[in-house]
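Biologist: I would like to learn how to read a model of this kind, feature by feature. Could you take me through the general idea each time, and then the case at hand?

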Amino acid sequence: MPIPSAGETRYFPTPERVAFEPDPAVELPSGAEVIVVGAGFVGAWAAYHLTRAGMRPLIIEANAPASGASGRLCGLALAGVGGHFARVNALVRASSGRSIAEYTCRSLDLLEAIDAELPGGIEWERCGSLDLLTDERQEAEGRAMAEIQRAEGLPVEMLSTEDVIAKAPALDAAQVRGAKWTPGDGQLNPFKLVYGLLEAAHRMGARSVRGVRVESVVARSGRVWGVETSHGVVQAGAVLLATNAWTPALVPSIAANLTPIREHVMVTERLPRVLRQGFETNHCNEYWRQEPTGELLIGGHAATDEGMGIGTYSTTARSEIAPQLARLLGRFHPSLRDARVVRVWAGLLDFASLEVPMAGALPASDGTPLPGGFLVCGLTGHGLPYSAILALLVSELISSGASRTLPLEPFDPQRYVGVAREPTWLAPFEGGLG
Ligand SMILES: Cc1cc2nc3c(=O)[nH]c(=O)nc-3n(C[C@H](O)[C@H](O)[C@H](O)COP(=O)(O)OP(=O)(O)OC[C@H]3O[C@@H](n4cnc5c(N)ncnc54)[C@H](O)[C@@H]3O)c2cc1C
(Lines give C-alpha, C1' and ligand atoms only; values in the text may rest on other atoms or scores of the structure.)
Protein backbone atom coordinates (compact mmCIF):
# COMPACT_ATOMS: atom_id res chain seq x y z
CA MET A 1 0.00 0.00 0.00
CA PRO A 2 1.67 3.29 -1.06
CA ILE A 3 1.98 6.04 1.51
CA PRO A 4 -0.57 8.74 0.66
CA SER A 5 0.80 12.21 -0.05
CA ALA A 6 0.50 14.87 2.64
CA GLY A 7 -1.91 17.05 0.65
CA GLU A 8 -4.62 14.40 0.73
CA THR A 9 -7.65 15.51 2.72
CA ARG A 10 -8.20 12.02 4.08
CA TYR A 11 -5.55 12.67 6.70
CA PHE A 12 -8.02 15.07 8.17
CA PRO A 13 -11.44 13.55 7.46
CA THR A 14 -14.69 15.30 8.37
CA PRO A 15 -14.72 15.03 12.18
CA GLU A 16 -17.01 12.35 13.64
CA ARG A 17 -18.51 12.03 17.10
CA VAL A 18 -17.93 8.81 18.98
CA ALA A 19 -20.75 6.27 18.43
CA PHE A 20 -22.72 5.52 21.61
CA GLU A 21 -25.88 4.02 23.11
CA PRO A 22 -27.62 6.72 25.17
CA ASP A 23 -28.59 5.54 28.66
CA PRO A 24 -32.12 6.89 29.28
CA ALA A 25 -31.82 6.25 33.03
CA VAL A 26 -29.00 8.78 33.58
CA GLU A 27 -29.94 11.98 35.36
CA LEU A 28 -27.38 14.72 35.04
CA PRO A 29 -26.82 17.39 37.68
CA SER A 30 -27.53 20.95 36.54
CA GLY A 31 -23.97 22.02 37.33
CA ALA A 32 -20.49 20.85 38.28
CA GLU A 33 -17.31 22.53 39.45
CA VAL A 34 -15.41 20.96 36.54
CA ILE A 35 -16.46 18.54 33.79
CA VAL A 36 -14.08 15.95 32.34
CA VAL A 37 -15.29 14.56 29.01
CA GLY A 38 -14.04 11.02 28.28
CA ALA A 39 -12.97 8.21 30.63
CA GLY A 40 -9.81 6.83 29.04
CA PHE A 41 -6.29 7.30 30.45
CA VAL A 42 -6.42 11.08 30.14
CA GLY A 43 -9.88 11.50 31.66
CA ALA A 44 -9.21 9.01 34.47
CA TRP A 45 -5.84 10.55 35.37
CA ALA A 46 -7.34 14.06 35.24
CA ALA A 47 -10.23 13.03 37.52
CA TYR A 48 -7.69 11.58 39.96
CA HIS A 49 -5.37 14.61 39.90
CA LEU A 50 -8.26 17.10 40.15
CA THR A 51 -9.78 15.38 43.19
CA ARG A 52 -6.36 15.32 44.85
CA ALA A 53 -6.27 19.08 44.31
CA GLY A 54 -9.59 19.35 46.17
CA MET A 55 -11.96 19.63 43.18
CA ARG A 56 -15.07 17.52 42.49
CA PRO A 57 -15.17 16.68 38.81
CA LEU A 58 -18.11 15.24 36.90
CA ILE A 59 -16.82 12.74 34.34
CA ILE A 60 -19.05 12.34 31.29
CA GLU A 61 -18.36 9.27 29.14
CA ALA A 62 -20.38 8.31 26.06
CA ASN A 63 -19.68 4.60 26.50
CA ALA A 64 -17.92 2.62 29.24
CA PRO A 65 -14.63 3.72 30.83
CA ALA A 66 -11.71 2.32 28.77
CA SER A 67 -14.01 1.56 25.84
CA GLY A 68 -11.85 3.78 23.60
CA ALA A 69 -8.15 3.37 22.87
CA SER A 70 -7.34 2.97 26.58
CA GLY A 71 -9.00 -0.46 26.60
CA ARG A 72 -7.71 -1.52 23.17
CA LEU A 73 -3.99 -0.93 23.40
CA CYS A 74 -1.15 -3.35 23.97
CA GLY A 75 -0.17 -1.83 27.34
CA LEU A 76 3.47 -0.81 26.76
CA ALA A 77 4.95 2.30 28.32
CA LEU A 78 7.90 3.48 26.20
CA ALA A 79 9.65 6.50 27.66
CA GLY A 80 11.39 6.96 24.30
CA VAL A 81 8.03 7.26 22.45
CA GLY A 82 9.18 5.03 19.59
CA GLY A 83 10.46 6.73 16.48
CA HIS A 84 8.91 10.08 17.46
CA PHE A 85 11.49 10.98 20.10
CA ALA A 86 13.96 13.15 18.17
CA ARG A 87 11.35 15.25 16.37
CA VAL A 88 9.17 15.77 19.46
CA ASN A 89 12.20 16.51 21.62
CA ALA A 90 13.44 19.22 19.25
CA LEU A 91 10.11 21.08 19.45
CA VAL A 92 9.70 20.61 23.21
CA ARG A 93 13.26 21.81 23.84
CA ALA A 94 12.70 24.82 21.56
CA SER A 95 9.76 26.01 23.65
CA SER A 96 10.85 25.10 27.19
CA GLY A 97 14.47 23.99 27.22
CA ARG A 98 13.29 20.68 28.71
CA SER A 99 13.78 17.21 27.31
CA ILE A 100 10.69 15.22 26.34
CA ALA A 101 12.26 12.42 28.41
CA GLU A 102 11.64 14.50 31.55
CA TYR A 103 7.92 14.33 30.79
CA THR A 104 7.70 10.69 29.72
CA CYS A 105 9.90 9.39 32.56
CA ARG A 106 7.72 11.34 35.00
CA SER A 107 4.69 9.52 33.58
CA LEU A 108 6.34 6.15 34.12
CA ASP A 109 7.18 7.16 37.70
CA LEU A 110 3.53 8.14 38.23
CA LEU A 111 2.48 4.71 36.91
CA GLU A 112 4.85 3.02 39.35
CA ALA A 113 3.51 5.13 42.23
CA ILE A 114 -0.14 4.50 41.37
CA ASP A 115 0.55 0.75 41.18
CA ALA A 116 1.62 0.90 44.83
CA GLU A 117 -1.24 3.20 45.83
CA LEU A 118 -4.34 1.64 44.24
CA PRO A 119 -5.91 -1.37 45.93
CA GLY A 120 -5.01 -4.32 43.65
CA GLY A 121 -2.47 -2.22 41.72
CA ILE A 122 -2.24 -2.03 37.93
CA GLU A 123 0.09 -5.01 37.31
CA TRP A 124 2.90 -2.54 36.66
CA GLU A 125 6.15 -4.25 35.73
CA ARG A 126 9.28 -2.24 34.92
CA CYS A 127 10.43 -4.98 32.60
CA GLY A 128 12.43 -2.98 30.03
CA SER A 129 11.98 -3.09 26.26
CA LEU A 130 14.01 -4.52 23.39
CA ASP A 131 13.65 -2.66 20.10
CA LEU A 132 14.76 -5.32 17.63
CA LEU A 133 16.81 -4.18 14.64
CA THR A 134 16.87 -6.50 11.68
CA ASP A 135 19.16 -4.95 9.05
CA GLU A 136 21.99 -2.50 8.59
CA ARG A 137 19.72 0.50 8.02
CA GLN A 138 17.66 -0.21 11.16
CA GLU A 139 20.81 -0.76 13.16
CA ALA A 140 22.19 2.62 12.09
CA GLU A 141 18.85 4.29 12.93
CA GLY A 142 18.73 2.52 16.29
CA ARG A 143 22.26 3.62 17.11
CA ALA A 144 21.55 7.25 16.13
CA MET A 145 18.37 7.27 18.22
CA ALA A 146 20.18 5.72 21.20
CA GLU A 147 22.74 8.54 21.10
CA ILE A 148 20.05 11.21 21.03
CA GLN A 149 18.09 9.57 23.84
CA ARG A 150 21.15 9.07 26.03
CA ALA A 151 22.13 12.73 25.52
CA GLU A 152 18.62 13.66 26.69
CA GLY A 153 18.99 11.65 29.88
CA LEU A 154 17.11 8.50 28.91
CA PRO A 155 19.09 5.38 29.86
CA VAL A 156 19.36 3.18 26.74
CA GLU A 157 21.92 0.62 25.60
CA MET A 158 22.82 -0.88 22.22
CA LEU A 159 23.01 -4.67 22.24
CA SER A 160 24.73 -7.07 19.84
CA THR A 161 22.90 -10.16 18.54
CA GLU A 162 24.58 -12.27 21.26
CA ASP A 163 23.52 -9.83 23.99
CA VAL A 164 19.96 -9.81 22.67
CA ILE A 165 19.74 -13.60 22.67
CA ALA A 166 21.15 -13.70 26.20
CA LYS A 167 18.21 -11.51 27.29
CA ALA A 168 15.62 -13.19 25.06
CA PRO A 169 16.73 -16.78 24.34
CA ALA A 170 13.52 -17.69 22.47
CA LEU A 171 14.26 -15.17 19.67
CA ASP A 172 15.56 -16.47 16.34
CA ALA A 173 19.14 -15.10 16.25
CA ALA A 174 19.10 -15.12 12.42
CA GLN A 175 16.37 -12.45 12.44
CA VAL A 176 18.10 -10.00 14.74
CA ARG A 177 21.14 -7.81 14.05
CA GLY A 178 20.98 -6.10 17.38
CA ALA A 179 18.61 -4.17 19.61
CA LYS A 180 18.14 -0.99 21.55
CA TRP A 181 17.47 -1.88 25.21
CA THR A 182 15.55 0.58 27.39
CA PRO A 183 15.62 -0.83 30.93
CA GLY A 184 13.20 1.71 32.45
CA ASP A 185 10.24 0.89 30.16
CA GLY A 186 7.30 -0.99 31.60
CA GLN A 187 3.99 -2.73 30.98
CA LEU A 188 0.68 -2.83 32.81
CA ASN A 189 -2.99 -3.78 32.79
CA PRO A 190 -4.83 -0.79 31.24
CA PHE A 191 -8.28 -1.69 32.63
CA LYS A 192 -6.92 -1.80 36.17
CA LEU A 193 -5.36 1.63 35.57
CA VAL A 194 -8.51 3.35 34.26
CA TYR A 195 -10.96 1.74 36.70
CA GLY A 196 -8.56 2.08 39.63
CA LEU A 197 -8.03 5.81 39.00
CA LEU A 198 -11.76 6.41 38.64
CA GLU A 199 -12.55 4.52 41.84
CA ALA A 200 -9.92 6.56 43.68
CA ALA A 201 -11.43 9.77 42.25
CA HIS A 202 -14.93 8.67 43.27
CA ARG A 203 -13.73 8.03 46.82
CA MET A 204 -12.47 11.64 46.87
CA GLY A 205 -15.79 13.13 45.63
CA ALA A 206 -15.81 12.78 41.83
CA ARG A 207 -18.91 11.52 40.03
CA SER A 208 -19.11 9.66 36.69
CA VAL A 209 -21.91 9.15 34.20
CA ARG A 210 -21.80 6.92 31.14
CA GLY A 211 -24.13 6.63 28.16
CA VAL A 212 -24.11 10.44 27.83
CA ARG A 213 -22.42 12.17 24.92
CA VAL A 214 -21.19 15.75 24.97
CA GLU A 215 -22.41 17.42 21.78
CA SER A 216 -20.71 20.79 22.22
CA VAL A 217 -18.85 23.04 24.62
CA VAL A 218 -21.04 26.05 25.42
CA ALA A 219 -19.42 29.48 25.75
CA ARG A 220 -21.11 32.60 27.11
CA SER A 221 -19.65 36.07 27.66
CA GLY A 222 -16.32 34.96 26.24
CA ARG A 223 -15.70 31.99 28.54
CA VAL A 224 -16.82 28.40 29.06
CA TRP A 225 -20.34 28.15 30.46
CA GLY A 226 -20.76 24.36 30.35
CA VAL A 227 -21.62 21.59 27.90
CA GLU A 228 -24.58 20.56 25.81
CA THR A 229 -25.11 16.80 26.01
CA SER A 230 -27.42 14.11 24.65
CA HIS A 231 -29.20 14.45 28.03
CA GLY A 232 -29.41 18.25 28.33
CA VAL A 233 -27.07 21.05 29.36
CA VAL A 234 -24.75 21.10 32.38
CA GLN A 235 -23.14 24.26 33.67
CA ALA A 236 -19.50 24.10 34.76
CA GLY A 237 -16.71 26.40 35.87
CA ALA A 238 -14.27 24.47 33.66
CA VAL A 239 -14.44 21.78 30.98
CA LEU A 240 -11.61 19.40 30.03
CA LEU A 241 -11.90 17.41 26.80
CA ALA A 242 -10.14 14.03 27.06
CA THR A 243 -11.71 12.73 23.88
CA ASN A 244 -8.82 11.34 21.79
CA ALA A 245 -9.46 11.18 18.02
CA TRP A 246 -13.03 12.43 18.45
CA THR A 247 -11.85 15.84 19.75
CA PRO A 248 -12.10 17.67 16.38
CA ALA A 249 -15.90 17.13 16.41
CA LEU A 250 -15.95 19.38 19.50
CA VAL A 251 -12.99 21.62 18.53
CA PRO A 252 -13.04 22.16 14.75
CA SER A 253 -10.06 24.55 14.89
CA ILE A 254 -7.63 21.64 15.49
CA ALA A 255 -9.18 19.33 12.86
CA ALA A 256 -6.54 20.15 10.23
CA ASN A 257 -3.81 18.78 12.52
CA LEU A 258 -5.27 15.67 14.19
CA THR A 259 -5.55 12.42 12.24
CA PRO A 260 -7.49 9.35 13.39
CA ILE A 261 -5.56 6.16 12.63
CA ARG A 262 -6.86 2.62 13.11
CA GLU A 263 -4.52 0.11 14.70
CA HIS A 264 -4.98 -3.59 15.53
CA VAL A 265 -4.03 -5.83 18.44
CA MET A 266 -4.40 -9.60 18.56
CA VAL A 267 -4.08 -11.92 21.52
CA THR A 268 -3.02 -15.56 21.63
CA GLU A 269 -4.07 -18.41 23.85
CA ARG A 270 -2.12 -18.82 27.12
CA LEU A 271 1.46 -19.78 26.36
CA PRO A 272 4.49 -20.83 28.39
CA ARG A 273 6.66 -17.88 29.46
CA VAL A 274 8.52 -16.83 26.27
CA LEU A 275 9.34 -13.19 26.90
CA ARG A 276 11.54 -13.49 29.94
CA GLN A 277 12.96 -10.00 29.96
CA GLY A 278 10.92 -7.09 28.72
CA PHE A 279 8.56 -6.60 25.85
CA GLU A 280 9.77 -6.46 22.27
CA THR A 281 9.18 -4.13 19.34
CA ASN A 282 9.99 -4.54 15.68
CA HIS A 283 11.83 -1.27 15.07
CA CYS A 284 8.84 0.26 16.88
CA ASN A 285 6.42 -0.62 14.07
CA GLU A 286 4.93 -3.72 15.68
CA TYR A 287 5.19 -4.74 19.31
CA TRP A 288 4.35 -7.62 21.62
CA ARG A 289 4.24 -8.40 25.30
CA GLN A 290 3.24 -11.35 27.43
CA GLU A 291 0.59 -11.10 30.15
CA PRO A 292 1.46 -12.46 33.59
CA THR A 293 -1.16 -15.14 32.81
CA GLY A 294 0.65 -16.22 29.60
CA GLU A 295 -1.40 -14.65 26.78
CA LEU A 296 0.69 -12.81 24.22
CA LEU A 297 -0.56 -9.50 22.82
CA ILE A 298 0.82 -8.25 19.53
CA GLY A 299 -0.15 -5.07 17.76
CA GLY A 300 0.94 -2.47 15.27
CA HIS A 301 0.01 -0.24 12.41
CA ALA A 302 -0.11 -3.16 10.02
CA ALA A 303 1.11 -1.92 6.65
CA THR A 304 -1.55 -4.09 5.04
CA ASP A 305 -4.56 -2.27 6.54
CA GLU A 306 -6.64 -0.38 4.00
CA GLY A 307 -4.89 2.97 3.43
CA MET A 308 -2.67 1.95 6.38
CA GLY A 309 -5.63 2.78 8.64
CA ILE A 310 -4.93 6.49 8.15
CA GLY A 311 -7.88 8.89 8.34
CA THR A 312 -10.66 6.48 9.31
CA TYR A 313 -12.96 6.56 12.34
CA SER A 314 -13.88 2.90 11.84
CA THR A 315 -12.79 0.51 14.60
CA THR A 316 -13.90 -2.60 12.73
CA ALA A 317 -11.06 -5.13 12.89
CA ARG A 318 -10.01 -6.39 9.46
CA SER A 319 -9.69 -10.15 9.10
CA GLU A 320 -6.40 -10.08 7.16
CA ILE A 321 -4.44 -8.28 9.89
CA ALA A 322 -4.29 -11.00 12.59
CA PRO A 323 -2.66 -13.63 10.33
CA GLN A 324 -0.04 -11.04 9.30
CA LEU A 325 0.76 -10.19 12.91
CA ALA A 326 0.85 -13.90 13.82
CA ARG A 327 3.31 -14.56 10.96
CA LEU A 328 5.55 -11.76 12.17
CA LEU A 329 5.54 -13.14 15.71
CA GLY A 330 6.40 -16.62 14.37
CA ARG A 331 9.27 -15.15 12.37
CA PHE A 332 10.93 -13.70 15.46
CA HIS A 333 9.84 -16.49 17.81
CA PRO A 334 9.79 -19.83 15.94
CA SER A 335 8.34 -21.57 19.02
CA LEU A 336 5.22 -19.41 18.61
CA ARG A 337 4.56 -20.28 14.95
CA ASP A 338 1.54 -22.38 15.83
CA ALA A 339 0.22 -20.24 18.68
CA ARG A 340 -3.55 -19.92 18.40
CA VAL A 341 -5.02 -16.44 18.02
CA VAL A 342 -8.07 -16.11 20.25
CA ARG A 343 -9.08 -12.48 19.68
CA VAL A 344 -8.35 -9.45 17.53
CA TRP A 345 -9.63 -5.91 17.85
CA ALA A 346 -8.91 -2.42 16.53
CA GLY A 347 -8.88 1.03 18.10
CA LEU A 348 -8.14 4.63 17.19
CA LEU A 349 -4.90 6.53 17.58
CA ASP A 350 -4.90 10.33 17.34
CA PHE A 351 -1.78 11.53 15.54
CA ALA A 352 -0.89 15.21 15.87
CA SER A 353 0.63 16.51 12.65
CA LEU A 354 3.91 17.56 14.35
CA GLU A 355 3.82 14.57 16.74
CA VAL A 356 3.81 16.84 19.81
CA PRO A 357 0.63 16.18 21.86
CA MET A 358 -1.85 18.98 22.48
CA ALA A 359 -2.48 19.87 26.14
CA GLY A 360 -3.66 23.19 27.53
CA ALA A 361 -6.23 25.86 26.79
CA LEU A 362 -9.11 24.94 24.50
CA PRO A 363 -9.18 27.01 21.31
CA ALA A 364 -12.54 28.76 20.79
CA SER A 365 -14.27 28.73 17.38
CA ASP A 366 -12.19 31.78 16.33
CA GLY A 367 -9.01 29.96 17.43
CA THR A 368 -8.24 32.11 20.49
CA PRO A 369 -7.96 30.34 23.90
CA LEU A 370 -11.37 30.01 25.57
CA PRO A 371 -11.11 30.75 29.32
CA GLY A 372 -12.33 27.78 31.36
CA GLY A 373 -11.82 25.34 28.45
CA PHE A 374 -9.01 22.74 28.31
CA LEU A 375 -8.05 19.75 26.20
CA VAL A 376 -5.53 16.91 26.04
CA CYS A 377 -5.29 14.92 22.79
CA GLY A 378 -2.88 14.04 19.98
CA LEU A 379 -0.97 11.46 22.05
CA THR A 380 0.27 10.03 18.72
CA GLY A 381 0.27 6.35 19.68
CA HIS A 382 1.90 6.75 23.11
CA GLY A 383 -0.90 7.19 25.63
CA LEU A 384 1.01 5.69 28.57
CA PRO A 385 4.16 7.87 28.53
CA TYR A 386 2.08 11.00 27.93
CA SER A 387 -1.28 10.74 29.70
CA ALA A 388 -0.24 10.72 33.38
CA ILE A 389 2.01 13.78 33.17
CA LEU A 390 -0.09 15.83 30.73
CA ALA A 391 -3.27 15.19 32.75
CA LEU A 392 -1.36 16.27 35.88
CA LEU A 393 -0.12 19.50 34.29
CA VAL A 394 -3.54 20.42 32.89
CA SER A 395 -5.17 19.58 36.24
CA GLU A 396 -2.70 21.95 37.94
CA LEU A 397 -3.64 24.61 35.39
CA ILE A 398 -7.35 24.07 36.10
CA SER A 399 -7.09 23.94 39.89
CA SER A 400 -4.44 26.60 40.53
CA GLY A 401 -4.09 28.61 37.31
CA ALA A 402 -0.59 27.32 36.41
CA SER A 403 1.22 24.04 35.78
CA ARG A 404 3.80 23.61 38.54
CA THR A 405 5.45 20.21 38.03
CA LEU A 406 6.82 20.94 34.54
CA PRO A 407 6.16 23.62 31.88
CA LEU A 408 3.04 23.00 29.80
CA GLU A 409 3.94 25.53 27.07
CA PRO A 410 5.45 22.98 24.65
CA PHE A 411 2.05 21.31 24.36
CA ASP A 412 -0.02 24.48 23.87
CA PRO A 413 -2.76 23.57 21.34
CA GLN A 414 -2.24 27.02 19.77
CA ARG A 415 0.70 25.46 17.88
CA TYR A 416 -1.95 23.76 15.76
CA VAL A 417 -4.57 26.48 15.37
CA GLY A 418 -5.15 28.44 12.16
CA VAL A 419 -2.58 26.47 10.17
CA ALA A 420 -2.53 23.02 8.53
CA ARG A 421 0.86 21.54 9.37
CA GLU A 422 2.46 18.99 7.07
CA PRO A 423 2.45 15.73 9.08
CA THR A 424 6.01 14.90 10.13
CA TRP A 425 5.00 11.34 11.08
CA LEU A 426 4.37 10.43 7.45
CA ALA A 427 7.83 9.54 6.22
CA PRO A 428 8.69 7.12 9.03
CA PHE A 429 5.18 5.56 8.81
CA GLU A 430 6.19 2.71 6.55
CA GLY A 431 5.18 -0.38 8.49
CA GLY A 432 7.50 -3.22 9.30
CA LEU A 433 5.68 -6.39 8.37
CA GLY A 434 7.68 -8.82 6.44
C1 LIG B 1 -4.37 -0.83 18.91
C2 LIG B 1 -3.70 0.20 19.77
C3 LIG B 1 -2.52 -0.12 20.45
C4 LIG B 1 -1.90 0.84 21.26
N5 LIG B 1 -0.81 0.48 21.99
C6 LIG B 1 -0.27 1.36 22.85
C7 LIG B 1 0.76 0.96 23.75
O8 LIG B 1 1.16 -0.21 23.81
N9 LIG B 1 1.31 1.92 24.54
C10 LIG B 1 0.87 3.22 24.57
O11 LIG B 1 1.41 4.03 25.29
N12 LIG B 1 -0.15 3.60 23.76
C13 LIG B 1 -0.74 2.71 22.93
N14 LIG B 1 -1.80 3.09 22.15
C15 LIG B 1 -2.28 4.49 22.25
C16 LIG B 1 -3.12 4.69 23.52
O17 LIG B 1 -4.05 3.64 23.62
C18 LIG B 1 -3.85 6.03 23.45
O19 LIG B 1 -2.91 7.06 23.22
C20 LIG B 1 -4.58 6.33 24.75
O21 LIG B 1 -5.36 5.24 25.17
C22 LIG B 1 -5.47 7.55 24.55
O23 LIG B 1 -6.13 7.81 25.77
P24 LIG B 1 -7.29 8.89 25.77
O25 LIG B 1 -7.81 8.96 27.15
O26 LIG B 1 -6.82 10.12 25.11
O27 LIG B 1 -8.38 8.29 24.75
P28 LIG B 1 -9.46 7.12 24.87
O29 LIG B 1 -9.01 6.00 25.69
O30 LIG B 1 -9.90 6.81 23.48
O31 LIG B 1 -10.64 7.82 25.66
C32 LIG B 1 -11.45 8.81 25.07
C33 LIG B 1 -12.86 8.58 25.61
O34 LIG B 1 -13.66 9.71 25.27
C35 LIG B 1 -14.96 9.24 25.01
N36 LIG B 1 -15.60 10.29 24.20
C37 LIG B 1 -15.19 10.75 22.99
N38 LIG B 1 -16.01 11.74 22.57
C39 LIG B 1 -16.94 11.92 23.55
C40 LIG B 1 -18.04 12.79 23.70
N41 LIG B 1 -18.34 13.70 22.76
N42 LIG B 1 -18.80 12.70 24.83
C43 LIG B 1 -18.50 11.78 25.81
N44 LIG B 1 -17.46 10.92 25.69
C45 LIG B 1 -16.68 11.00 24.58
C46 LIG B 1 -14.74 7.93 24.26
O47 LIG B 1 -15.88 7.10 24.35
C48 LIG B 1 -13.53 7.36 24.96
O49 LIG B 1 -13.89 6.45 26.00
C50 LIG B 1 -2.46 2.15 21.36
C51 LIG B 1 -3.64 2.45 20.70
C52 LIG B 1 -4.27 1.50 19.92
C53 LIG B 1 -5.56 1.85 19.24
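Biologist: Which residue is the bridge partner of Arg220 in strand 10?

Modeller: Before the answer, note that this is a predicted model, in which local features need pLDDT of at least 70 and side-chain atom pairs count only at pLDDT 80 or more, while totals for chains, interfaces and linings use all residues. Residues are numbered from 1 along each chain as its sequence is written. Helices (H or I, at least four residues) and strands (E, at least two) are DSSP runs numbered from the N terminus, and two strands pair if DSSP finds at least two bridges between them. Here the partner of Arg220 in strand 10 is Arg223, and six bridges join strand 9 (residues 214–220) to strand 10 (residues 223–229) in an antiparallel arrangement.

Biologist: Which residue takes a positive phi in the hairpin of strand 9 and strand 10?

Modeller: In that hairpin, which has two residues between the strands, Ser221 takes a positive phi near 50°. Strand 10 also forms a hairpin with strand 11, again with two residues between them, and these strands pair in the antiparallel sense over four bridges, with Val233 of strand 11 as the bridge partner of Glu228.

Biologist: Why does the span of helix 1 agree with its number of residues?

Modeller: The expected span of a helix is 1.5 Å times one less than its number of residues. The twelve residues of helix 1 (residues 41–52) should therefore span 16 Å, and its end C-alpha atoms are 16 Å apart, which agrees. Gly54, which follows helix 1, has a positive phi near 95°.

Biologist: How many residues of helix 1 are buried?

Modeller: A residue is buried if 20 or more other C-beta atoms, placed from the backbone, lie within 10 Å of its own. Eleven of the twelve residues of helix 1 are buried, among them Trp45 and His49.

Biologist: Which residues have the most contacts inside the largest nonpolar core?

Modeller: A nonpolar core is a set of buried Ala, Val, Leu, Ile, Met, Phe, Trp, Tyr and Cys residues joined through C-beta atoms within 7 Å. The largest has 129 residues, and those with the most contacts inside it include Ala46, Leu240 and Val394; the largest share of this core, ten residues, comes from helix 8.

Biologist: Which element gives the most to the shell around the ligand?

Modeller: Helix 8 gives the most, with four residues. In total 43 residues surround the ligand (C-beta atom, placed from the backbone, within 6 Å of it), and among the closest are Gly38 and Gly383.
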